[in-house]
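My notes follow in the order in which I looked things up.

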Amino acid sequence: MQRRRFVSGLAAGAAVPAGAQFHPHEAQGLRLSVTCDMFRGPDVRLPFDNPGRTDPRPQPVRKYAPEQALALTHASGYQGFEMFNWRDPAERAAYQAAQKKYGVECVCIFANKGVRTPGCSLVDPAEHEGFVEEIKKATAAAKEFGAKRLVVLSGMTREGVPRREQFDACVAGLRAAVPWLENSGMTFVMEPINSLVTRPGFFLDTASEGFAILERVGSPNVKLLFDIYHVQVQEGNLIPLIRDNIDLIGHFHIADHPGRHQPGTGEIHYRNVLRAIRDLEQAGKYSGFASIEYHPTVPLAQTMEEVRRLANFS
């Protein structure tokens, strides 16, 4: 079965043929991953960041079961998937079975309970014990899938508490987890989230402050998840930030601004940004993934293939 024909069939809702064998095509470019929230259809949890917070996706919005999701991932030439709900036993088992069938890598999973990090934030020392407990659970789940990265979040800003005190609390919480990371072979990728559009009140909202935290932590097992969309919203200066701090970056997320849609819909020159990352990869300075995480205004299979081509370099 030809890859393009298979992808088109998935976009139209065709079932995956039983026992089908798929062979990923050669991709001369970045290793790509897809965030599983893009497969959730009407159940999507990713915030809508366009004016009016409206759903821009082609209607009706289709939901992909885990097997369909990883079949599309594989057929589109992506090497990884991430951020499924491992806390849901049924979803966890379904993605585990699909991973075995299609052989794509589980790149990372989410460690905190949620974006607001209830009872397990880094900015509050009183919640560090809860943070460690969630890390232990996430590590056990990650090992089932062969994942080596845990996405961690700072949590929301604590009103009335000096920012420096919360900064220091993040450093202390991450440092306390370093022995666990080293013993388990895991790496934290800490994600800043913009507070201008997506998450007002979120503490770690810039890559620059994230890098400062990581410098203080001083461990190769603690890096930054550089979400290109969030960084563009909050501070811009994308390529210099990436080049100057690549040793502290463990993962990338892809979306355009404004709107949080696919590359090409906004102001980010993604071909240049991805080329800069590819150049660093070829120089031996980066060996991770870049993952798509957005609300596409075109069919999912179409945008996945378009990004695959965008991230390919001869």
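I began with the largest nonpolar core, which has 95 residues. Such a core is a set of buried Ala, Val, Leu, Ile, Met, Phe, Trp, Tyr and Cys residues joined through side-chain atoms within 4.5 Å. Buried means under 20% relative accessible area, exposed means over 50%, and partly exposed is in between, with a 1.4 Å probe and protein chains only. The members that touch the most other members are F39, F81, F188, F226, I228 and F252. Helix α5 (residues 163-184) gives the largest share of this core, seven residues. In soluble globular proteins, nonpolar side chains tend to be buried together.

I noted what I was looking at: this is a predicted model, in which local features need pLDDT of at least 70 and side-chain atom pairs count only at pLDDT 80 or more, while totals for chains, interfaces and linings use all residues. Residues are numbered from 1 along each chain as its sequence is written, and side-chain values use heavy atoms, with hydrogens and water left out.

Next I picked F39 and listed its contacts (heavy atoms within 4.5 Å). Leaving out residues up to four places away in sequence, F39 touches V34, R62, K63, Y64, A69, L72, T73, Y95, L300 and M304.

Then I looked up V104. Is V104 buried or exposed? V104 counts as buried, because its relative accessibility is 3%. I found V104 in the loop between α3 (89-102) and β3 (105-110). With residues up to four places away in sequence not counted, V104 touches L70, T73, H74, Y78, Q79, F81 and Q99. V104 and S33 are 71 residues apart in sequence, and their C-alpha atoms are 9.1 Å apart in space.

I turned to the backbone. Most residues other than glycine have a negative phi, and most peptide bonds are trans. Which peptide bonds did I note as cis? One runs from Q59 to P60, with omega near -5 degrees. P60 is in the loop between β1 (32-35) and α2 (66-75). Another cis bond joins H257 and P258, with omega about 5 degrees. P258 is in the loop between β7 (249-254) and α9 (270-282).

I also noted positive phi values. R53, a residue other than glycine, has phi near 55 degrees. R53 is found in the loop between β1 and α2, and R53 counts as partly exposed because its relative accessibility is 43%. R260 is not a glycine either, and its phi is about 60 degrees. R260 lies in the loop between β7 and α9, and R260 is buried, with a relative accessible area of 3%.

I counted 10 helices and eight strands; helices (H or I, at least four residues) and strands (E, at least two) are DSSP runs, numbered from the N terminus. The radius of gyration is 19 Å, close to the 20 Å that the globule rule gives for 314 residues, so the protein is as compact as a globular protein of that length. That radius is taken over C-alpha atoms, and the rule is 2.2 Å times the number of residues to the power 0.38. Along the principal axes, the C-alpha trace spans about 55 × 40 × 40 Å. Of the 314 residues, 58% count as buried. Among contacts with a separation of 6 or more, 77% are between residues 24 or more positions apart.
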